Structure formats: C-alpha cells, structure tokens
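Please report on the fold features of this model. Give the cut-offs along with the values.

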Amino acid sequence: MKKWLIAICSLFMIAGCSNSNSASESKEKDKQSLKKVSVVLDWTPNTNHTGLYVAKEKGYFKDEGLDVDIIMPGDAGADQLVASGKSEFGVSYQESITQARIQGVPLVSIAAVIQHNTSGFASPTSKNIVSPKDFAGKTYGGWGSPVEKSVISSLMKKENANVNKVSIVNMGDTDFFTAVKRDIDFAWIYYAWTGVEAELRGEKLNMVYLTDYSDKLDYYTPVLATNENMIKENPDTVKAFVKAASKGYEFAIKHPADAADILIKAVPDLDPKLVKKSQEWLATKYQDDAPRWGEQKQKVWENYATWMFDNGLLEKKLVANKAFTNKFLPQ
C-alpha cells in the first residue's frame, strides 16, 4: 500500500512540475515574441509619466506586441539617447525638441503628455510676489538656461518691469523648498508636483503661470518623442507604442486613484500621498480641451518657435510641421 501511495504521489509531482515548466516555457516564449524597446524618462518618475507605467502594468504594451523598459536618463539626457538611437522613445519637451531640430538633431514629438503648459513661477506667499512686476528686486533660482531669463523678461515686459532688476542664480540640484528658505525668492515649477507637494506641506504659494501672460508660452511640456529614423524604419512599432501609451493615459484620466496606485507600486520610494493628490490634480489636464489625448497643433509649435526666435534663442526659424506628428495617435 505504501509503495502505491509513493508511486501516485510521484506521478502528481511529475505532472505538477511538467505543468509548471510548461507554463514557464510558455511565458518565456511569449516574452521572446514581443519586440523589446525602451522609453527614457526626462526626470525621476512622477505623475507626468503615469500613463507609461499604467500601460506596462495593465499589459497595454504587451497587447501591442511590445516589451517596454521604462528607464532613467542617467548622465545622458533622454533627448540624447533617443536622438542617437540608444533608446527608441523618450519623454521630452517642446522647447528642447525645437532647439534640437534647429541644430539638425532629428527628434520628433509623437504625443503631447499634457495639453497645456501647467508650469509657472512659484514663491512662498511671504515673498509678496503676485505678478511679474514683483520679480524686480528678487532672486530667481534656476538651472542656468538662457530660456529662463527670456521667459522672465517677457512676463515682466507685460507690466513695464525690467528683468535686469532680477538676480538670477543657479540653484543646481537643491529642491524648491530648501532653496526658498535659504537664498532664493522664486523658482520655475510644475504645479502638479511641487505645487501639490506644497499643499500637503501646508506651505502656501503664489503662482505666476506663464499662460496667464502669453499664449506663445502655452507650449507642450512634456511630450513623448522618437527620432526620424525610427519613424521611417519602424512605423508600426511607433504606432503600437503610441496606441498603448494612449490607453495608459486615458486610464489615468478616468481612474486617477487606480493609476496612482500603479505608479506607487512601480516606484515604491515615492510619497503615496503626493502621488495620489498630484494624480487627481493632473487627471483633467492630460487631455483638457483636445479632441483626444496626445493631439498637437501646428499653431502651438509655430507660436513658441516664433517667440524663441524673436528672443534670440534660435539661430533660424523652425519648420514646425517636421517637429511633431499626430499620425500615430489612435483615431
């Protein structure tokens, strides 16, 4: 009787192992049939990127035949990695793609992550900066780009104020909250992240949004990008990536709480409260007034490029219709 029991148990174990191996082999074979690509983030993971994490977690990329790695930019930025073909896709900005194309770098925006520019100049309410004219006599902390001074100048001119009365310093990697307590009065932030964090901290801010003072500064930031060679040689891959990403962002629009949970699961070091509140704030901003998520207008690209050219930030005018495309967005 003992021998029979041992024999029967052995058969069950063999069958179990066989099924397990079969499932594992099937999973591995399934993965091998997917096309492996990567998307490089512009910065550390945040709610600008949620749609990508949703698309990966919920299998939208896999459904389109893709195995997508979401990677950090490291020392080389996303634009550089995408332009060189070391990564197929990246998170970029209209301003950097505009500058890149003027220099002959073939980057192309394939979807607008957020429909309108949600950035602006933030300051603690104690600094009494409520409009651009109040920048005069104050210290701005930035990252050393000539674009910063031009933007500040454009806003100040609207109120007949002089940018030369602003002290501009490079605050490096110092975070906004530390910097405004130490040696600066205001900085350029995305409200969806730093502004929402201020709310959670109970620190009241005054915001001077770019779009309140100039429609030419209502540009796409951030965007998803690829390069011209990828579009030419692998259009089906680009289409598959954009389709899956679109589904990811559409899910984040409709289900911000669930989308926030997916981002938190993927990046557990993030503050859950910040992610959830930021996701709720941003949910209505992704698509906003556009007919579909990701759509871009040539007028927006032309407006900002004209502003950059007029402010001496571009050597020549941009051929706007080459810098972006809507053709890969789902109909």
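## The cis proline

Pro 222 sits in the loop between strand 9 (205-209) and strand 10 (223-227). Helices (H or I, at least four residues) and strands (E, at least two) are DSSP runs, numbered from the N terminus. The peptide bond from Thr 221 to Pro 222 is cis, with omega near 5°.

## Basis of the values

This is a predicted model: local features need pLDDT of at least 70, side-chain atom pairs count only at pLDDT 80 or more, and totals for chains, interfaces and linings use all residues. Numbering runs from 1 along each chain as its sequence is written, and side-chain values use heavy atoms, with hydrogens and water left out.

## Overall build

The chain has 13 helices and 10 strands. Its C-alpha trace spans about 100 × 45 × 35 Å along the principal axes. Of its 331 residues, 49% count as buried. Buried means under 20% relative accessible area, exposed over 50%, and partly exposed in between (1.4 Å probe, protein chains only).

Contacts here are heavy atoms within 4.5 Å. Take the contacts with a separation of 6 or more: residues 24 or more positions apart account for 79% of them.

## Positive phi outside glycine

Asn 128 has a positive phi of about 60°, although it is not a glycine. Asn 128 is placed in the loop between strand 5 and strand 6. With 56% relative accessibility, Asn 128 counts as exposed.

Asp 288 also is not a glycine, and has a positive phi of about 55°. The loop between helix 12 (272-282) and helix 13 (298-310) holds Asp 288. Its relative accessibility is 40%, so Asp 288 counts as partly exposed.

## Nonpolar cores

A nonpolar core is a set of buried Ala, Val, Leu, Ile, Met, Phe, Trp, Tyr and Cys residues joined through side-chain atoms within 4.5 Å. In soluble globular proteins, nonpolar side chains tend to be buried together. The largest core here has 45 residues. Leu 52, Ile 110, Leu 224 and Phe 241 have the most contacts inside it. Helix 10 (residues 235-254) gives the most to this core, with 9 residues. Apart from it lies another core, of 39 residues, among them Ile 97, Tyr 140, Val 163 and Tyr 219.

What does Ile 110 touch, not counting residues up to four places away in sequence? The partners of Ile 110 include Phe 89, Leu 224, Ile 231, Val 238, Phe 241, Val 242, Phe 328 and Leu 329. Also among them are Thr 226, Gln 296 and Thr 325.

## A buried serine

Ser 150 belongs to helix 6 (residues 146-157). The relative accessible area of Ser 150 is 11%, so it counts as buried. Leaving out residues up to four places away in sequence, Ser 150 touches Trp 307, Asn 311 and Leu 313.

## The largest pocket

A grid search with a 1.4 Å probe finds the open space. On a 1 Å grid over the protein atoms alone, a pocket is an open set of points with protein on both sides within 12 Å along at least five of seven lines; lining residues have an atom within 4 Å of a point. Grid points are joined across faces, edges and corners, and a volume is the space filled by probe spheres set on the points. The largest pocket has a volume of about 1,500 Å³. Its lining has 43 residues, and those closest to the centre are Trp 43, Tyr 93, Trp 143, Trp 188 and Tyr 190.Helix 8 gives the most to this lining, with 5 residues. Elements that each supply at least two residues include helix 4 (78-83), strand 3 (89-92), helix 5 (94-102) and strand 8 (186-190). The lining divides into 19 nonpolar, 17 polar and 7 charged residues. Here Ala, Val, Leu, Ile, Met, Phe, Trp, Tyr, Cys and Pro count as nonpolar, Asp, Glu, Lys and Arg as charged, and the others, Gly among them, as polar.

## Aromatic pairs

Rings of Phe, Tyr and Trp (its six-membered ring) pair if their centres lie within 6.5 Å; planes under 30 degrees apart count as stacked, over 60 as edge-to-face and the rest as tilted. The count comes to 17 aromatic pairs. Phe 121 and Phe 135 form an edge-to-face pair, 5.5 Å centre to centre with 75° between the planes. This pair links distant parts of the chain, 14 residues apart: Phe 121 is in strand 5 (residues 119-124), Phe 135 in the loop between strand 5 and strand 6. Phe 121 is buried at a relative accessible area of 1%, and Phe 135 is buried at 0%.

Phe 176 and Phe 177 make an edge-to-face pair, at 5.3 Å centre to centre and 80° between the planes. Both Phe 176 and Phe 177 are buried. One aromatic cluster is formed by Phe 121, Phe 135, Tyr 140, Trp 143, Phe 186 and Trp 188.
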